[in-house]
Amino acid sequence: MTDQQLAEAVAQGGRLRALVLELWQRTRMDWGFVTDRLAQAFRRETWVGSHERRFVGEVVYGLVRHLRRVDLAVARGRKTKQSPRDLERLLALLVIEKMLPAERAARVVPDLDWRAVAGVDDAIAGERDTTARIALQTSLPDWLAKRLVADWGDQADALARSLNQRAPMTVRANLLVGDRDALALSLDGAGLATRAGAWSDTALVIETRTNLFGLDAFKRGALEAQDEGSQLLADLVVACAGDRAKPTIVDYCAGAGGKTLAIAARLHNRGRIIATDVDGKKLEELRRRARRATVSNARAMTIEDGRWPGKSGDRRTRSSAAGGAQVDDVDSLRGKADVVFVDAPCSGVGALRRNPEARWRLREDDITTFAARQREILSAARELCAPGARLVYATCSLLRAENDDVVAGMPFVKLSEVWGSRATALGDGDSLVVAPHTHNTDGFYARVLQT
């Protein structure tokens with residue numbers, strides 16, 4: 001079925017409309033991850049076919065991504081001031097995204113001027129204030145739009161628009177199993193269209209809609225879902241290890257270990273990677289992923305007190321290999337790491353394409369909190385560096401307050417000294433900076449610090 005046919009089914013009412021509205025209302029309760037809400041609903045609602053699942057997902061994500069634009073559209077169509085109802089929001093989205101004619105929406109909710117609703121983008125385009133226009137057209141909080149304008153200047157409009165688009169399905173070819181060409185050939189055999197990523201030789205974009213985790217290539221460890229920008233961070237960390245045969249690398253904020261696994265594959269299981277995090281559940285996921293990916297040189301280490309360590313006396317850790325073997329604790333690594341990678345907890349502004357609901361959870365005060373925490377983590381991470389080691393500081397934020405301001409005044413290595421001519425296309429000379437409007441990746445920042 002086409003989007004227009006499914007939109008007509010929503011206009012008629014029934015269980016498709018009810019499902020969309022239920023998912024929207026549940027999402028707004030706490031602005032939790034839409035992907036989780038969709039997965040739960042589709043497991044329960046077995047009547048929903050593949051076309052309906054795609055449509056429902058796009059509409060719920062659309063309501064999240066375009067909330068301010070939708071609400072303005074409804075306000076333009078109403079003669080009196082009152083809060084928009086969720087059905088009005090749903091129909092307004094379908095109208096302004098040209099999935100439903102305004103005349104059809106008028107038969108469902110006759111007390112709105114649906115031609116005024118449909119003309120909302122023209123009204124937004126006439127807004128002279130740059131910050132206000134960006135905030136409305138891309139449904140960003142005012143404070144975030146203001147920061148993008150301050151930090152990105154003339155690029156702010158294009159950046160904000162790109163952050164509001166759906167992200168491509170990008171995977172990383174696991175070099176421990178096969179290269180990108182081999183993976184592309186395997187996926188072609190499964191009937192999937194792919195294209196090579198532009199910036200990392202392990203990145204492959206899957207252009208056919210599919211259940212990634214049901215693929216044979218996934219089950220045998222040949223691929224991992226990973227944005228190309230994220231893959232570039234792992235590439236940078238490996239480049240910082242230079243020509244060392246068996247480097248010791250610490251992935252200090254490893255989470256579920258996507259970049260740990262990418263680093264391990266680049267190194268072909270040489271050396272030692274210690275992945276630490278305060279979240280033991282995420283590290284358990286890393287252990288499972290490592291086994292599937294045939295990674296043998298990575299060890300997971302939980303920081304038991306639930307917070308990033310400051311002074312060495314605060315460190316209490318539990319560590320294990322993917323198979324459960326005991327390894328050294330953090331203190332034993334002090335002064336020994338060749339590279340320390342700090343993928344710091346951050347606002348996630350650079351990943352709004354994938355997590356659009358995050359914009360409604362974030363508050364401007366959170367940026368100050370993140371920056372203070374990032375400085376503390378950097379200070380602790382430095383203790384692990386051997387003399388002359390490199391520390392890679394990275395975020396998936398595109399805000400200066402979490403990036404350049406955090407590392408201001410710290411000795412650093414120019415990107416070209418690590419990556420040579422490759423650095424020209426991937427940064428500003430001093431730092432790696434990639435973004436959806438310039439590289440079609442999620443937004444990432446990284447600077448190589450000299451210790």
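Which residues in α11 meet which residues in α12? L148, V149 and W152 in α11 meet A156, L159, A160 and L163 in α12, where contact means heavy atoms within 4.5 Å.

## Basis of the description

This is a predicted model, in which local features need pLDDT of at least 70 and side-chain atom pairs count only at pLDDT 80 or more, while totals for chains, interfaces and linings use all residues. Residues are numbered from 1 along each chain as its sequence is written, and side-chain values use heavy atoms, with hydrogens and water left out.

## Helices α11 and α12

Helix α11 covers residues 142–152 and helix α12 residues 156–163; helices (H or I, at least four residues) and strands (E, at least two) are DSSP runs, numbered from the N terminus. The two helices pack at an angle of about 130 degrees, with their axes 9 Å apart, the axes being lines fitted to C-alpha atoms, for helices over the stretch in contact, and the angles running from 0 to 180 degrees between N-to-C directions. The pair α11 and α12 is therefore oblique, given that angles under 35 degrees count as roughly parallel, over 145 as roughly antiparallel, 65 to 115 as roughly perpendicular and the rest as oblique. The crossing of α11 and α12 is right-handed; a crossing is left-handed if the near helix is turned anticlockwise from the far one by less than a right angle, and right-handed if clockwise. By class, the contact of α11 with α12 has seven nonpolar, no polar and no charged residues, where Ala, Val, Leu, Ile, Met, Phe, Trp, Tyr, Cys and Pro count as nonpolar, Asp, Glu, Lys and Arg as charged, and the others, Gly among them, as polar.

The buried residues of α11 are W143, L144, A145, L148 and W152; buried means under 20% relative accessible area, exposed over 50%, and partly exposed in between (1.4 Å probe, protein chains only). What covers these buried residues includes α10 (130–137), α12, α19 (364–382), β12 (432–434) and α22 (436–439). Helix α11 is followed by G153, whose phi is positive, near 55 degrees.

## Helices α3 and α4

The axes of helix α3 (residues 34–44) and α4 come within 11 Å and cross at roughly 150 degrees, and the crossing is right-handed. On the α3 side V34, T35, L38 and F42 take part, and they meet R53, V56, G57, V60, Y61 and V64 in α4. By class, this contact of α3 with α4 has seven nonpolar, two polar and one charged residues.

## Salt bridges

A search of the whole structure finds 36 salt bridges, a salt bridge being a side-chain nitrogen of Lys or Arg within 4 Å of a carboxyl oxygen of Asp or Glu. One of them joins R104 and E8, with the closest N and O atoms 2.9 Å apart. R104 lies in helix α7 (residues 102–108) and E8 in helix α1 (residues 3–12), so the pair ties together parts that are 96 residues apart in sequence. R104 is buried, with a relative accessible area of 14%, whereas E8 is partly exposed at 25%.

A salt bridge also forms between E58 and R209, whose closest N and O atoms are 3.6 Å apart. This pair links distant parts of the chain, with E58 in helix α4 (residues 50–65) and R209 in the loop between β3 (203–206) and α14 (216–219), 151 residues apart. Both partners are partly exposed, E58 with a relative accessible area of 29% and R209 with one of 48%. R220 pairs with D216 in a salt bridge, the closest N and O atoms being 3.2 Å apart; R220 is partly exposed at 38%, while D216 is exposed at 54%.

## Loop residues

W31, in the loop between α2 (15–30) and α3, has a phi near 50 degrees, a positive value in a residue other than glycine, and at 13% relative accessibility W31 counts as buried. N269, in the loop between α16 (258–266) and β6 (272–277), has a positive phi near 65 degrees and is likewise a residue other than glycine, but at 22% relative accessibility N269 counts as partly exposed.

K79 is found in the loop between α5 (67–77) and α6 (86–96), and at 84% relative accessibility K79 counts as exposed. The C-alpha atoms of K79 and A102 are separated by 17 Å, with the two residues 23 residues apart along the chain.
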